[in-house]
Amino acid sequence: MVLAAGSAPGDASLRTTRRFDEWRDAIRHDFVALDMAPDRRIAGFTGALRSATIAHLQVSEVRSVPQVCRRTPGLANADSQEYLQVGMVTRGVGVLEQDGRRAVLAAGDFAIYETGRPFTWNLGRQWELDVFTWPRAALGLTAAESVMATAVRLPGRSGLTG
């Protein structure tokens with residue numbers, strides 16, 4: 001996970017690939033280790049990633065073809081660092097599962113998840129996702145508050161979160 005201070009979002013270079021193994025490595029570098037599988041019905045793979053860090057916040061833009069990304073219990077337990085992430089779908093559809101909940105997100109919607117516990121992103125169609133990442137320790141949430149907040153759809157087009 002890259003959370004070293006220094007770059008600004010405008011300075012972050014866009015990294016693209018047509019190889020899934022390079023994609024998996026880039027995701028693991030900028031985020032956390034995930035088990036990933038592209039939709040085999042899609043002919044050809046593409047992925048693009050841009051990340052920048054401001055103080056203790058990492059801001060990332062991610063886009064690719066349909067795929068499933070899983071943070072398994074083994075992967076979650078293997079990391080010493082835990083992060084809180086907010087994922088906002090900007091194109092396509094994403095389904096986030098964590099803590100026994102399932103949030104279906106369309107463009108503009110967002111949800112919270114934590115890397116210290118298993119989660120799954122099922123990303124359909126051509127999708128784009130903005131991800132905001134903080135070290136878990138930097139937030140004053142109790143474990144119970146965190147569990148209550150994860151995988152809950154926050155609509156981006158209406159209500160308080162709109």
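Where is the place of Asp 99? Asp 99 sits in the loop between strand E6 (83–98) and strand E7 (101–106).

## Basis of the model

The model is predicted, and local features need pLDDT of at least 70, side-chain atom pairs count only at pLDDT 80 or more, while totals for chains, interfaces and linings use all residues. Residues are numbered from 1 along each chain as its sequence is written, and side-chain values use heavy atoms, with hydrogens and water left out.

## Overall fold

The protein has 3 helices and 9 strands; helices (H or I, at least four residues) and strands (E, at least two) are DSSP runs numbered from the N terminus. Starting at the N terminus, the order of elements is β-α-β-β-β-β-α-β-β-β-β-α.

The radius of gyration of the protein is 15 Å, which agrees with the value near 15 Å for a compact globule of 162 residues. This radius is taken over C-alpha atoms, and the globule rule is 2.2 Å times the number of residues to the power 0.38. The C-alpha trace spans about 45 × 35 × 35 Å along its principal axes. Of the 162 residues, 42% are buried (buried means under 20% relative accessible area, exposed over 50%, partly exposed in between, with a 1.4 Å probe and protein chains only). Among contacts (heavy atoms within 4.5 Å) with a separation of 6 or more, 73% are between residues 24 or more positions apart.

E6 and E7 run antiparallel and are joined by 6 bridges; two strands pair if DSSP finds at least two bridges between them. Glu 97 has Arg 102 in E7 as its bridge partner. The hairpin has 2 residues between the strands, and Asp 99 takes a positive phi near 55 degrees there. Asp 99 counts as partly exposed because its relative accessibility is 28%.

Most residues other than glycine have a negative phi. Arg 125 also has a positive value, with phi near 55 degrees. Arg 125 is found in strand E9 and is exposed, with a relative accessible area of 57%.

Rolling a probe the size of a water molecule over the atoms shows where empty space is left. Here a cavity is a set of points on a 1 Å grid over the protein atoms alone where a 1.4 Å probe fits but cannot get out, and lining residues have an atom within 4 Å of a point. Grid points are joined across faces, edges and corners, and a volume is the space filled by probe spheres set on the points. The count is 1 cavity of 30 Å³ or more, and the largest cavity has a volume of about 160 Å³.

The largest cavity is lined by 17 residues, of which Phe 31, Leu 34, Tyr 113, Trp 121 and Leu 129 are the closest to its centre. Helix H1 (20–30), strand E5 (67–71) and strand E9 (119–135) each give two or more residues to the lining, and E9 provides the largest share, 6 residues. The lining divides into 15 nonpolar, 2 polar and no charged residues (Ala, Val, Leu, Ile, Met, Phe, Trp, Tyr, Cys and Pro count as nonpolar, Asp, Glu, Lys and Arg as charged, and the others, Gly among them, as polar).

## Surroundings of Leu 49

Leu 49 lies in strand E3 (residues 47–54). Leu 49 counts as buried, at 1% relative accessibility. Beyond its neighbours within four places in sequence, Leu 49 is in contact with residues including Ser 13, Trp 23, Ile 27, Phe 31 and Val 62. Leu 49 and Ile 27 are 22 residues apart in sequence, and their C-alpha atoms are 8.0 Å apart.

Notes. 1 Å grid on protein atoms, 1.4 Å probe; cavity = no way out; pocket = protein on both sides within 12 Å on 5 of 7 lines; lining within 4 Å.
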